[in-house]
Amino acid sequence: MSMDEPESDASEQIAFARRLREAREYIGLLQEDVATALDIPRASVSAIESGKRRVSSLELRRLGRLYRRPVSWLLGEKSTEADMNAPLYRATEALSDQDKEQVLRFAEFLAGAGRPGATRAEEAE
């Protein structure tokens, strides 16, 4: 850590780097895959994930898309409900109404898991 960089900045950088690595590993990408997608050397991805290289705003936006995560999550900010629902919305927006209804029924099934017969609509009552 440099003398002009506060300790909190360094710890935030390390936490950010950890989130990036975890997000990459979660979706099964190699550092080489990320390097190719961002058009940067693999060593740069390694440096980013170890907290030794900062990320530009353009790279941050591309990483969010690549990892299917809101930029706010990558930055460690508290996610809003809209941030959390955005990937679900994007994944279902092109579906037919019938397919959307099936997705909704499945979501209600998951919400009621562990409680036989419970649905999200029933929980709201």
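Start with the whole protein chain coloured by secondary structure: this predicted model has 8 helices and 0 strands, where helices (H or I, at least four residues) and strands (E, at least two) are DSSP runs numbered from the N terminus. Read along the sequence, the pattern is α-α-α-α-α-α-α-α. Local features in the model need pLDDT of at least 70 and side-chain atom pairs count only at pLDDT 80 or more, while totals for chains, interfaces and linings use all residues. Residues are numbered from 1 along each chain as its sequence is written, and side-chain values use heavy atoms, with hydrogens and water left out.

Next, colour by accessibility. Of the 125 residues in the protein chain, 22% are buried, where buried means under 20% relative accessible area, exposed over 50% and partly exposed in between (1.4 Å probe, protein chains only). Among contacts (heavy atoms within 4.5 Å) between residues at least 6 apart in sequence, 48% join residues at least 24 apart.

Now select residues 31-38 and 42-49, which are helix α2 and helix α3. The two pack at an angle of about 110°, with their axes 8 Å apart; axes here are lines fitted to C-alpha atoms, for helices over the stretch in contact, and angles run from 0 to 180 degrees between N-to-C directions. That angle makes α2 roughly perpendicular to α3, a label given to angles of 65 to 115 degrees, with those under 35 counted as roughly parallel, those over 145 as roughly antiparallel and the rest as oblique. Show side chains for Gln31, Glu32, Val34 and Ala35 of α2 and for Arg42, Val45, Ser46 and Glu49 of α3, which make the contact.

Stay on these helices and look down each axis in turn. In α2 the buried residues are Gln31, Val34, Ala35 and Leu38, and they cover an arc of only 100° around the axis, which puts them on the same side of α2; the arc is that of the directions from the helix axis to the C-beta atoms. In α3 the buried residues are Ser44, Val45, Ile48 and Glu49, whose arc of only 135° likewise puts them on the same side of α3.

Which residues have the most contacts inside the largest nonpolar core? Select Leu20, Val34, Leu63, Tyr67 and Leu74, which hold that place in a core of 13 residues; a nonpolar core is a set of buried Ala, Val, Leu, Ile, Met, Phe, Trp, Tyr and Cys residues joined through side-chain atoms within 4.5 Å. The elements giving two or more residues to this core are α1 (7-26), α2, α3 and α4 (57-67). Centre on Leu20: leaving aside its neighbours within four places in sequence, Leu20 is in contact with Ile48, Glu49, Val55, Leu63, Tyr67 and Leu74.

Then move to Arg21 in helix α1, which is partly exposed at a relative accessible area of 29%. Arg21 and Glu49 are 28 residues apart in sequence and 5.7 Å apart in space, C-alpha to C-alpha.

Finish with the backbone. Most residues other than glycine have a negative phi. Asp39, in the loop between α2 and α3, has a positive phi of about 60° although it is not a glycine, and at 69% relative accessibility Asp39 is exposed. Arg68, in the loop between α4 and α5 (71-74), also has a positive phi, about 55°, and is exposed with a relative accessible area of 57%. Last, select Gly51, which follows α3 and has a positive phi near 80°.
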